[in-house]
Structure formats: C-alpha cells, structure tokens
Amino acid sequence: MSVLMWSKLYSRVTATEPTLVEQLKLWQQPSDATALAIIQGQHFVAANLPALNYFESQEQNFLHATPFDFSPRIQSSGKSSVEYGQQMLKQATKGETVSFTWLHMSQQGKELPTILSFYPAQLDDKPVIIAAFQPMDRRKRSRVTFSNGFESLPKELMSITLEDSAEAVYITDENSLILAVNKAMCRICGFSAEHLLGKTPTELKLELDDSRSPSTYKRSWQGEVWKARSDGSTFPAWQSCRRIFADEQVFYVNLFSDISEKKALEAKLTQQAMYDKLTGLPNRFHLIKILNTAIANIKHSPDLMGALMFLDLNGFKNINDSFGHSTGDKVLQLVAARLETCCIENAEIARLGGDEFTLVLPRCQNKEEIEAFSELVLSLFEAPFEIDGQKFYLGTSIGISLFPQQSADPNKLLSMADTAMYSAKNSPSHIRFYNTTIREAAEKKLHILNDLRHAQSLRQFSLVYQSVVDLESNATIGVEALLRWQRANGEMLEARDFLPLLEETGSMISVGQWAFEQACLQMVEWHQTYNPELKISVNISGSQLEHPDFISMVESTLTKTQLPASALVIEITESALIRRPALISKVLGQLKTMGISIAIDDFGAGLSSLSRIASLPIDVLKIDSGFVQQVDSLQGQNLCRAIIQLTQTLGIDFIVEGIENQHQRDTLLSMGKGMGQGFYFGKPVKAQRFSAQVFSEVIDSVSKRHLA
C-alpha cells in the first residue's frame, strides 16, 4: 500500500504551539502507530499507513475525500455528521485543538467508534489540520486476572452446561468419528444424536470443506466455514477446534455457531457503504472501484478508450425550492430509473449525491461513439417526469473525460468530467469533452473567485448610472444604478460577468446591500441639487429577495438616507419569480405597500409566465434589448407591439432597453407612449460625469443666476 503522499507532505508540516511541535516529532518515530491524516480545507490530502488500515482504504480512494465520506449521515448523538464535523473543523482552523468522540465507518462498512482529535498546523505556511484517530476499544483496558472458578465445580455440572449450550458442540476422536454432541448441534444441523454418533462429519456431509478435519489438520484452529444441514441447505458458521490430549487419547472439541444473521448484517452495511440509499445506484466509493476496474481492463486494449460522463440536472433546484425535498427525492428516483432502463447495458451508472449522476462507458471505439451515447442520454430528458399528476421538465448537462488517454486516476477523471460539465451548461449542445481550453477557463474562474472574495474589502466595487428617458420628450425621468467591479489588474467587469460568481462566494447579500445604500444616497443628492422628481432603479437578485432581512434592510436604508419610497424602483428578473413564487409574491406585496415601484427586468428573455406577472404588483416591464435589435423586421415590430399592448392591457408602464439610434426610438414611440434606455440616450457612467452630462442645463442655469 503506497503512502507516498504522506512521506512527501508530513515532513513539511510545522506548528507554532510548543506542545504540538513536540508531538509532531513523536509521531515521526518509527515505533509510533498513531493513525494520522492531513486535512486541507475539508479534504484529506495525506494519510499514514495506520490510518489507511484503520479505514480499510487505499490511498487513492482516501485522498480528496472528506471526513464526512467516512461517516454515517447522523452521529450517535443525533447530530448531522456534516454540520457537526464542519463546526469542529472551523474551531481547529481558528487555532484551537479539539478532541471529541466520533463514529466513523470504514470503506468496507465497518463501524469505527473513535476519539478524533484536530490539531491546527501549517503545510508550507498554509493552514492545515492534523487529524488523529484513536479507536475506542474497551477490550484493551487492563484487568485483574482471577480464576474462572471452573476448577472447583463438579464434572456433572460441567457436562450439563455443555449439553445445554446455545453453541453447537461435537467431539471427535483422532479418526474424526463423532463421540459426543450437544442439543444445539442436533437442532442446528437437523440430525438426531443417534444419527450423528459413530460417524464422521464427511460421511454425514456436514462439512462443505473437509480440509480442516482432524485427520488433515493436526492442531487447534478457528475460522469461518460453510456447513450443511440434514435437508441439504447450507449456512456460514464460525467454528473453533481444540486438540486435547486426555487419558492417553487425542480428542478434538469442535464448537460452532450459525453466523447467517451476522453475515446478512455485514452485507447490509456493505450495501449502505457502497450504494446510494435513495436510488439504489452505486455511490462515490463504489464508482471509484468501478473506474479502477475499467481502467485496468482497458489498458490491455490500446485501440479502445473509456469515458466517464458527469451529469448535472438543470432545473432541479427549482423543483426542490418550490415543491419540497420529498418531491425532489422522487424526481431523483425517476431519473435513476430512466437512466438504468436505457443505459445499464452500455454503462455503469452511479449517483454522487444531490442531482449529480455519472455513467462509466468501459469500452468505446472513438469519441463519436461516446458523443452519440451522450445525445441518447440527453434525449431521456425530453419527456417530463410525472409525480402525482404534476409534470416536471428537467434538462441535463454532460461533461466527459476519457481514460486512460487523459488520466488513469479515478479522482482526476471525476474532477475533469465535473469541470467539463460546468462548461457544458453554457454550451448549445450541453455536451463537452474535457480539454485544455476548459481547464484554462476553470483556472481563470478560480482566480476570479479568489479575487472576488476580497473585492469588497479592497473597495473595488463601484456604481455607474444610466438615464431612463421619456420617449416622447427625451427628458430624463429616472436613473438606473449598475454595479461594476474593477479588478486589481485594472480590468473593469460589468455585473452580468461576475454576479453568478458573487452568488457562489456567498457575498451577494453584503455587496447588494452596499450597492442599494450607495444608489439611494446618490439619488438624495441629485434630488437636493437638480430634480426632486427623479426615480432611482436598483437591481435586486433572487437571493436578496429571499433573504429574511431584506424588507427590514430596505426600510432602514430609506430611513437612514431619507430617500422617499416613491422615488425607488426595485428591478427583478423573471428567474427570481420562478424560484420561490409564494415567498417572492409576499415580498413584492410588502414593497408595494411601502410605496416602492416594481419593475421586471429583461422581459421576454426568459420563460415568461403571463399569469404569474398579471397576479403580481408590477409597475413596469423592461422589454429586453433583443427585441429592439429586431425592430427593423416586420416580425420584430409585431413582437414589440404585442408586448407594448400587453403593458397597456395590464395598466402598467414599459421601458424599452437597448435603444441605439433615432430610428429605433421613433419606431417604438409610434407604438405607444413609454420610456426608453440605451446608448442613444447615454452610456452608463459614474455619478460625477452623469451629473455633468445629464444635468448640464440645470448647472448652466444655476451658474447664470450666480453671475447675474
């Protein structure tokens, strides 16, 4: 068993706390057998041989796994393994040494009660945690030795005890002839004592393997064997055989018990350790074994290739959010069943967790064959999944890595396929093979994510402003605040390029609150200096709307900045209406009660639901710029006219986005009175420049009054 990674990394581990420094030296002694592992983030990056033996795992399966992968979902205390484990890891990350009891499970499904200790340390100046695993084995405690008392008991009592033992007992001579049996022996094997005595186990066909009979195995032993009953049925047994010399004769005392229930329990634990409980599909541990086997087999066929397909369900989160996890679980079961029905003959299917599935194609001729199979998988999602009369439409994105061409390491193949899957989400075909371009894009995204986590503290965010004008008079009647991020390298990014990543980092709420307050403060200044009738539009994400403190944040900001609620327009996207419609409807109602206007941004770009929009307190529809680009065609004009007529029917205003020239403005004005936004009226600029450009007439008149 290789522990190459341990030998590479452990020597580079350091600590600042003196006691731990000494402990690190002790653990390095050859005589020390403490099971140890190194955790970075939440993943194992190295483990010594005692730890791998403890978890009955290979190094390649252990690395990159988390402590929760070797734990049941719920601990004996009733706490969630993931939540409680993360809490302990967080304490250790802060520099605190923590020890606690923990129930682990080996990779073979064996329960491992453990005293788990986390020690904060550094690996090449990066924080890591040393995990020490101490088995909770009460049997290792020393005890005072006493006589067992058997020497003082009458032999008749010993005979009765042996006769009535629940464990089967039979005694043979040196030639394997059965000399005595107890009641349990007769009950378990189904023979009478008269039928057993004087015969050999082989003659009675009691033993399925007679290699350990006294005639061939001349000493004491114990182990697992298979035995047969009188009706021919078989069962596993744990047997011990002891060779005894008494009265100048050799006897063999055999004791055994039926371990069928124990084996069934072991099989059940193995099932739990290797298979997903919800769908019955192989889980991550089992998938690694499947991949190892497939990789080993295909090495003998250099003209062939294997493929690992990583599937993620598009739209599954909306189902969970809208209909609950119970319905989500049923959908996952239907997906698993559909995959098994159509793909099981050609691929090994596994579920990693959540809405992530994998398929292993062990022997393929070429990439074209793999791509054709991927398209078959995509076609499985064309029909809806139906539960209790409700139809659910899902899609999937597929990332593919190839073995052994791209890697012979199962964990690397998984990482590659996972990366390709995220790229497939933005691909028209929703299928992507892993390649260098995808890797570079993933690395770039990682760098951006790292920079984005520090952007707010480094004050790299700013707001720019764009006019909302009356199409008839070209007068500015409102302003939209737009978020920008200037990276350390000088690159300026628009909100659409980093907002999804901002959600990933968990910073959307704090950054959104900052942007909201800055926009309100700026509009108060413009009210006081230029035009008290102006309105400020602020974009709000779905996660902000769903936050329990959103309404109180809006109220406190308006109070703090003294901006009238009537001067505020909240812009939301259509997708925000879909995720949790009941909650969003309630929040919008509260905003409306406060006197705040509501606008639907990019209307027509998503999956619009007219019935939902008609039932919500909407004041403005912002028509997506894509429709304006088609306004020169008859079909484009008809589409724009239809949407404008819709707003008139609903009694709400409209703003047409993306107007770039006079012709577009005039054409849209002919369809109805409304508002417009776009480069024709002005590009988004910072507040000072916006004031100079938009309010120049006001500035000039003020200057003239001062001169007079």
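Reader: Which residues do ring pairs link into a cluster?

Author: In this predicted model, the cluster consists of Phe44, Tyr54, Phe55, Phe62, Phe70, Phe133 and Phe285, linked by ring pairs. Searching the whole structure gives 27 aromatic pairs.

Reader: Why is the pair of tyrosine 170 and phenylalanine 256 called edge-to-face?

Author: Two values are needed. A pair of aromatic rings is described by the distance of the centres and the angle of the planes. For tyrosine 170 and phenylalanine 256 the centres are 6.2 Å apart and the planes stand at 65°. Centres within 6.5 Å make a pair, and planes over 60 degrees apart count as edge-to-face.

Reader: What lies over the face of phenylalanine 256?

Author: Lysine 227 does, at 4.6 Å from the ring centre. The cut-off for the distance is within 6 Å. Another case is lysine 445, whose charged end sits over the ring of tyrosine 422, 5.2 Å from its centre.

Reader: Why is the pair of tryptophan 526 and phenylalanine 690 called tilted?

Author: The angle between the planes is 35°, with 5.1 Å from centre to centre. Under 30 degrees would count as stacked and over 60 as edge-to-face, so the rest, this angle included, counts as tilted. This pair also links distant parts of the chain: tryptophan 526 is in helix 17 (residues 508–529), phenylalanine 690 is in helix 26 (residues 687–694), and they are 164 residues apart.

Reader: How do you know whether tryptophan 526 is buried or exposed?

Author: Its relative accessible area is 0%. Buried means under 20%, so tryptophan 526 is buried. Phenylalanine 690, at 1% relative accessibility, counts as buried by that cut-off.

Reader: How much space lies in the second largest pocket, and which residues lie nearest its centre?

Author: The second largest pocket holds about 1,300 Å³ of space. Its lining has 32 residues, with Ser71, Pro72, Arg73, Gln272 and Lys277 nearest the centre.

Reader: Which helix gives the most to that lining, and how do the residues divide by class?

Author: Helix 9 gives the most, with four residues. Among the other elements that supply at least two residues each are helix 5 (81–93) and strand 4 (98–105). By class, the lining has 12 nonpolar, 13 polar and seven charged residues.

Technical notes:
Residues are numbered from 1 along each chain as its sequence is written. This is a predicted model: local features need pLDDT of at least 70, side-chain atom pairs count only at pLDDT 80 or more; totals for chains, interfaces and linings use all residues. Side-chain values use heavy atoms; hydrogens and water are left out. Rings of Phe, Tyr and Trp (its six-membered ring) pair if their centres lie within 6.5 Å; planes under 30 degrees apart count as stacked, over 60 as edge-to-face and the rest as tilted. Buried means under 20% relative accessible area, exposed over 50%, partly exposed in between (1.4 Å probe, protein chains only). A charge sits over a ring if NZ of Lys or CZ of Arg is within 6 Å of the ring centre and within 35 degrees of the ring normal. On a 1 Å grid over the protein atoms alone, a cavity is a set of points where a 1.4 Å probe fits but cannot get out, and a pocket is an open set with protein on both sides within 12 Å along at least five of seven lines; lining residues have an atom within 4 Å of a point. Grid points are joined across faces, edges and corners, and a volume is the space filled by probe spheres set on the points. Ala, Val, Leu, Ile, Met, Phe, Trp, Tyr, Cys and Pro count as nonpolar, Asp, Glu, Lys and Arg as charged, and the others, Gly among them, as polar.
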